[in-house]
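Here is a short report for someone meeting this structure for the first time. Please look through the sequence and the model before reading on.

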Amino acid sequence: MSGRALRLVEPDGTVRTLAEDPDERVSWEATDFVAAEEMGRSRGHWWSPDGRHVAACRVDETEVPSWWIGNPARPDQPAVEHRYPAAGSRNPDVRLFVLGALGGQPALEVSWDRVRYEYLAAVSWRAKGLLLTVQRARSSARWSCSVSISRPGRRHRSRSTPTTVGIELVPGVPGFLGDGRLVTAADRGGARRLLVDGHPVSPEGSRCAR
């Protein structure tokens, strides 16, 4: 990431821009406040295993309220604008795109129901394609799907059950088994258990390690 743009530096030092927006309120590869502070997502771009694609976030903070914060140690300097999604206000518009790292390939937007699932919680690459987890703002329901780059319209939806209590994101899941079944983690029977295609497989009373 360079400023608000996403750029690729070749071995010979050549710099190539993969994504950029003229609007200063839009940034590429950035991590929005909610994802970083509440979900532990510290990055906004992910390389594919073959190095041919980059999945990257486009974060638009146009609707996020501005807060002006001064530096008490430097009262001679003006306050600095910060975009902060306070409770009850609008969150940034976060979208995910797959960009061709070799050039000449159009950007592919990875779509999901962003009205219901506002937060992009996790992104990773798997042998079956790109895997992402999104989450609702006012409840803890979440949804996972995989995206095939060769067939961008193909989706696989997990059978995660919406709950009325907070969901703790567990590193390492969701994921795929070798046969393509989806592995997730959820609280069942008073313990956090591993689920394969929605069915608990770890023993009752056990707990997934974080």
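## Basis of the model

This is a predicted model, in which local features need pLDDT of at least 70 and side-chain atom pairs count only at pLDDT 80 or more, while totals for chains, interfaces and linings use all residues. Residues are numbered from 1 along each chain as its sequence is written, and side-chain values use heavy atoms, with hydrogens and water left out.

## The chain as a whole

The protein chain has 1 helix and 17 strands. Helices (H or I, at least four residues) and strands (E, at least two) are DSSP runs, numbered from the N terminus.

The chain has 210 residues, and 40% of them count as buried. Buried means under 20% relative accessible area, exposed means over 50%, and partly exposed lies in between (1.4 Å probe, protein chains only). Accessible areas come from the Shrake-Rupley method with a 1.4 Å probe; for residues, only the protein chains shown count as cover.

Contact means heavy atoms within 4.5 Å. Take the contacts between residues at least 6 apart in sequence: 44% of them join residues at least 24 apart.

## Two nonpolar cores

A nonpolar core is a set of buried Ala, Val, Leu, Ile, Met, Phe, Trp, Tyr and Cys residues joined through side-chain atoms within 4.5 Å. The largest one has 17 residues. Leu-96, Leu-120 and Leu-130 have the most contacts inside it. Strand 5 (53-60), strand 8 (93-100), strand 10 (119-126) and strand 11 (129-135) each give two or more residues to this core.

A second core is separate and has 10 residues. Among them are Leu-18, Ala-19, Leu-99 and Ala-101.

## Salt bridges

Side chains of opposite charge can pair when their charged atoms come close. A salt bridge is a side-chain nitrogen of Lys or Arg within 4 Å of a carboxyl oxygen of Asp or Glu. By this rule there are 10 salt bridges.

Asp-21 pairs with Arg-58, with the closest N and O atoms 3.1 Å apart. Asp-21 lies in the loop between strand 2 (15-19) and strand 3 (26-28), and Arg-58 lies in strand 5, so the pair ties together parts that are 37 residues apart in sequence. Both Asp-21 and Arg-58 are buried.

Glu-109 and Arg-95 meet in another salt bridge (3.2 Å, N to O). Glu-109 is in strand 9 (residues 108-110) and Arg-95 is in strand 8, so this pair ties together parts that are 14 residues apart in sequence. Glu-109 is partly exposed, at 33% relative accessible area. Arg-95 is partly exposed too, at 23%. Salt bridges that share partners join Asp-93, Arg-95, Glu-109 and Arg-114 into one network.

Glu-81 forms a salt bridge with Arg-83, and the closest N and O atoms are 3.6 Å apart. Glu-81 is partly exposed at 36% relative accessibility. Arg-83 is partly exposed at 25%.

Which loop holds Arg-41? Arg-41 lies between helix 1 (33-38) and strand 4 (45-47). Its relative accessibility is 5%, so Arg-41 counts as buried. A polar contact is a pair of N or O atoms within 3.5 Å; within protein, one must be able to donate a hydrogen and the other to accept it, and residues adjacent in sequence count only if both atoms are side-chain atoms. The side chains of Arg-41 and Asp-32 make such a contact at 3.2 Å. A polar atom of the Arg-41 side chain also lies 3.1 Å from the backbone oxygen of Leu-120. Not counting residues up to four places away in sequence, Arg-41 touches several others, including Trp-46, Cys-57 and Ala-121.

Asn-91 sits in the loop between strand 7 (80-83) and strand 8. Asn-91 counts as buried because its relative accessibility is 14%. Its side chain makes a polar contact with the side chain of Glu-118 (3.0 Å). Another polar contact, of 3.2 Å, joins the side chains of Asn-91 and Tyr-119.

## A nonpolar surface patch

Phe-33, Trp-67, Ile-69 and Tyr-84 make a nonpolar surface patch of about 380 Å². Patches are made of residues with over 30% relative accessible area and no salt bridge: like charges are joined within 9 Å, nonpolar side chains (Val, Leu, Ile, Met, Phe, Trp, Tyr) within 5 Å. Trp-67 belongs to strand 6 (residues 66-69). Trp-67 has 41% relative accessibility, so this residue counts as partly exposed.
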